[in-house]
Amino acid sequence: MTPQNRPKSGGGSPGSALQIRRARKEDLGAVADLIVRTKRLNNEFDPLFAVVPDAKAKAEKHVTGSIESIDRLLLVAAEGPKVVGVLRAEMRERLFYEPHMEGFITDFYILPEYRRKALGNEMIQRAATELKKMGAQIIVADVPAQNEIANRFYAKRGFRSLSNLVGMSP
Amino acid sequence: MPERREDSSKKALEYSRFYGGKVVVAPKVPVRSLEDFSIWYTPGVAAVSRAIEADADLSFEYTGRWNTVAVVTDGSRVLGLGNIGPEGALPVMEGKALIYNYLGGVNAIPLPIRAESKDTLVSFVKALEPSMGGVNLEDIESPKCFEILERLRSEMTIPVWHDDQQGTAGVTLAALFNALELTGRKLRGSKIVLFGAGAANIAAERLLVQAGANPRDLIVLDSKGILEPERDDMDKLMLRNRWKHDIALRTNGERVSGGLKEALSGADALVAAAGNGPELIKPDEIRMMNKKAIAFFLANPVPEMLPSAALAAGAEVVATGRSDYPNQVNNSLLFPAIFRGALDVRAKTITDSMVIEAAMELAAFAREKGISKKYIIPTMVQWEVYPQVAATVGQAAVKEGVARKKLSKKESLAAATETIEHSRKVMNALRRNGIILDPPE
């Protein structure tokens, strides 16, 4: 389960090594930006994921409580002080099913120039380890059905479709 | 200049009606008597067909395939007119075919087609392969044109060329080589701004890097500003225009963001292919550039900025796409010669390095004549340039192993000269004999 190659630093940056760590307070602005980018990317695949104008403020609120929470995880990939990737997850209880506890990935994003360098893989593995420590028996991720890039990413790493959320415009 | 344009518009309408088309399929064998048809047609021709059936490459020797190029468009981005449809594109493709014929001795066939999708266009062009020596794609909108060209280049074994990408980029490169030389610069280390991220500049970026420019010293702008890895719409570009997305990742080493002013700060050269001016670029923006700045304004018919304004703002070498200013960056300097050279060696493709070598030859030709601020690139009347560039292209194809026929440079030059001269002789003879009339006054 170790990634084959260490992530390299991004294209033009002077290149301090990438580090995956828990988010700190000072990261939150950048983290919120990246989360909004995820939502916009989802919208590129599906018009029912149109992003609200105040998405940034909502994203900040969404992540603020995730630092130092016992049932939430906020990981960042950072190059020096710069946040280049984010993964947010929370523990959820599955009321009627076994396994009972799931680590639920709500948001996951890496800046374009840090992709294709195994960083995504490393972040997922780190998240899995952390979530397991927090009691997760399975790891799930919320991905829009039309976002084929995200679906391919997870499928390649052994994730399979667990439930389908279906929708329509009435 | 508006007067000049009105005049040529009026004449174009009148003459087009008068002549009813600019090119025609004409015989090139004698018909001494109807007996000859038993040679040119059945039964004699069957032997030729059988020989070609056994070796398809013989079609380049026994038929006109060796010299025939289809000029294909879907009419989706014609000149500055936009999506005017295939019928609207026909007079333009006829004009292109005429230039191919007159300057390159190429038998070009105008073929605007109704193609609703990329796949239709791709399969049409692929289906043409058996009767063509090459295909010139023309006036297809961006970014669709990039994928179409990439697919056809990789799937076909005859040259496929999109003039709005490779042609414009190649001529730009030639002019830039000499402008850099004239201002004491090298390509490597020069900061070059490409304003406009359509067909021409997307191809120019690729050719510049392959010719030795450091991608980190290039900045490319589209209508939303400077392309850089953290621009808001990067994910959208990844899905809708991966060429721009990849350019954003590999260029702009200093991570400049913003607009033209920011991009031009400390830049050595500007290549604008962004849309009609004349005030799309402001003197203040040119003033941001380094001393002895190079500025190309390639939009037609109205350059992004008038040369006089750019010179007054401190630019040293200025070029446009127009023939009434010095330094015309004109595709017609390149595509007839590129195809002449490629066809003469039966090339399977036109690689980027063949285009770069052609650009270097074009630049060298002007240097031999003596370059100046007002002469960085040959003009169309210097017709000796065509066989020379053709020979260089032929040699590049042989060197790269994409030539079916391995001519020496001398043979290539002789072949190109002969074919181009022949085309001119035909034109002169047709005019002299009253078969092609001068237009009515």
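pLDDT is the predictor's confidence in each residue, on a scale from 0 to 100. The model here is a predicted one, and chain A comes out with an average pLDDT of 90, with 91% of the residues scoring at least 70. Where pLDDT is low, though, the predicted coordinates should not be read in detail.

Turning to how the chains meet, nine residues of chain A touch 12 residues of chain B.

Chain B itself splits into three pieces: domain 1 covers 23-158, domain 2 runs over 166-320, and domain 3 takes in 331-432. Between domain 1 of chain B and domain 3 of chain B, the C-alpha centres sit 20 Å apart. The contact between this pair draws on 19 residues from domain 1 of chain B and 18 residues from domain 3 of chain B.

As for what builds the domain 1 side of that contact, two or more residues each come from α5 (85-104) and β3 (134-137) of chain B. The biggest share belongs to α5(B), which puts in six residues. Sorted by class, the domain 1 side that touches domain 3 of chain B holds nine nonpolar residues and eight polar ones, plus two that are charged.

Methods: Residues are numbered from 1 along each chain as its sequence is written. Chains are lettered from A and ligands numbered from 1 in the order in which they are written. This is a predicted model: local features need pLDDT of at least 70, side-chain atom pairs count only at pLDDT 80 or more; totals for chains, interfaces and linings use all residues. Domain bounds come from an automatic or database domain assignment. Two residues are in contact if their C-beta atoms, placed from the backbone, lie within 7 Å. Helices (H or I, at least four residues) and strands (E, at least two) are DSSP runs, numbered from the N terminus. Ala, Val, Leu, Ile, Met, Phe, Trp, Tyr, Cys and Pro count as nonpolar, Asp, Glu, Lys and Arg as charged, and the others, Gly among them, as polar.
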